[in-house]
Amino acid sequence: MPSHVTTTRHWKTTVAQYQHEMAWVSQRLADVLKQAWNNDGEFSGSAPFLGVDSSPQWMKETLQRCDGSPFHRQWLEKCLNILKNTLPQAVLGQLAEIESERSAIACHQCGVCCRLASQDEDYETLLAKASGGDTFAQEFTRVFLPYETRQHAENRFPELVAALQAEVGEERPLHFYHCPYVGQDNRCTVYGTAKRPAFCGTYPETPLSAIQPNCAWKPWQGEQHTITLQCHATLVLCEAWHEHISETLSC
Ligand code: SF4
Ligand code: SF4
């Protein structure tokens, strides 16, 4: 995965949602590459696309149909440029706009995100990942502690636990955590110290984070969630398809 793509461990989106957007993007991407063929008068014949689905396998099969002619090679070189430069630049520009909207929003300082954080992994798994060098897990376990049981989290935040779980779907049971460093006034008692994880200062860094319904960033998430998923899917697919085409051209 490219370094500019937020890792999925920060995402709280359903697998079905992601697959849906991935398939949608894959088809749009195929249209763009086909357009690169159709727009060039030098090319004759039909592009070697027989069908489109959402998997890189589709691109592999398409490439197998290329006959190595100069026409195909020129088209593939155009595709490479689109996948490496044109599309990623446009997508990163769009993500930067979304990020700049994020930074204009003021936190309500309700402290809920410190008292009810959710992760896909249980505490033992996060600790194991932290020992293995995972920097996010290291930062997270530096401050967050697990609720003794899920029932304890539900007793404290019944509606929010249900809302966060509903956001990702019941098939992905979440684990809930709380940070002991949030003060009664909702302020961070380790603010400005090395103890405070970097992600606390950037939460929610993407509309793909789990955001409780009353968070100041919830409306922003509502507006930008789908487009952000599509942006991330585009970056992932551009990189995967670029790799397949590069391999074909070097044959
Ligand atoms: S370290 Fe501070 S900002 Fe981060 S979760 Fe704890 S109290 Fe909240
Ligand atoms: S839940 Fe949202 S509004 Fe409340 S403190 Fe966290 S970031 Fe701010």
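1. Start with Cys238: setting aside neighbours within four places in sequence, Cys238 touches Leu83, Leu87 and Pro88. Contact here is C-beta to C-beta within 7 Å, with those atoms placed from the backbone. Bear in mind that this is a predicted model, where local features need pLDDT of at least 70, side-chain atom pairs count only at pLDDT 80 or more, and totals for chains, interfaces and linings use all residues. Residues are numbered from 1 along each chain as its sequence is written, while chains are lettered from A and ligands numbered from 1 in the order in which they are written.

2. Cys238 also turns up in the largest nonpolar core, which has 20 residues; Cys79, Leu237 and Cys238 have the most contacts inside it. For the record, such a core is a set of buried Ala, Val, Leu, Ile, Met, Phe, Trp, Tyr and Cys residues joined through C-beta atoms within 7 Å. Buried means 20 or more other C-beta atoms within 10 Å of the residue's own. Two or more residues of this core come from each of α1 (15–38), α3 (70–103) and α10 (218–249), and α10 gives the largest share, eight residues. Another core, of 18 residues, lies apart from it and includes Cys114, Leu174, Ile211 and Cys215.

3. Now α3. It has 34 residues and spans 48 Å from first C-alpha to last, close to the expected 50 Å (1.5 Å times one less than the residue count). There's still a kink of about 40° centred on Ile82, the bend being the angle between axes fitted to the seven residues ending there and the seven starting there. Its buried residues are His72, Trp75, Cys79, Leu83, Leu87, Val91 and Leu95. An α-helix has 3.6 residues a turn, so residues three or four places apart point the same way.

4. On to the ligands. Around ligand 2 you'll find Cys107, His108, Gln109, Cys110, Gly111, Val112, Cys113, Tyr203, Gln212, Cys215, Ala216 and Trp217, by the criterion of a backbone-placed C-beta within 6 Å. That shell splits into eight nonpolar, four polar and no charged residues.

5. Ligand 1 has Cys114, Val143, Cys179, Tyr181, Val182, Cys188, Val190, Arg196, Pro197 and Cys200 around it.

6. Overall: ten helices and three strands, taken as DSSP runs (H or I, at least four residues; E, at least two). Buried residues are 26% of the 251 in the protein.

Technical notes. Buried ≥ 20, exposed ≤ 12 C-beta atoms within 10 Å, placed from the backbone. Contact = placed C-beta atoms within 7 Å. Nonpolar A, V, L, I, M, F, W, Y, C, P; charged D, E, K, R; others polar.
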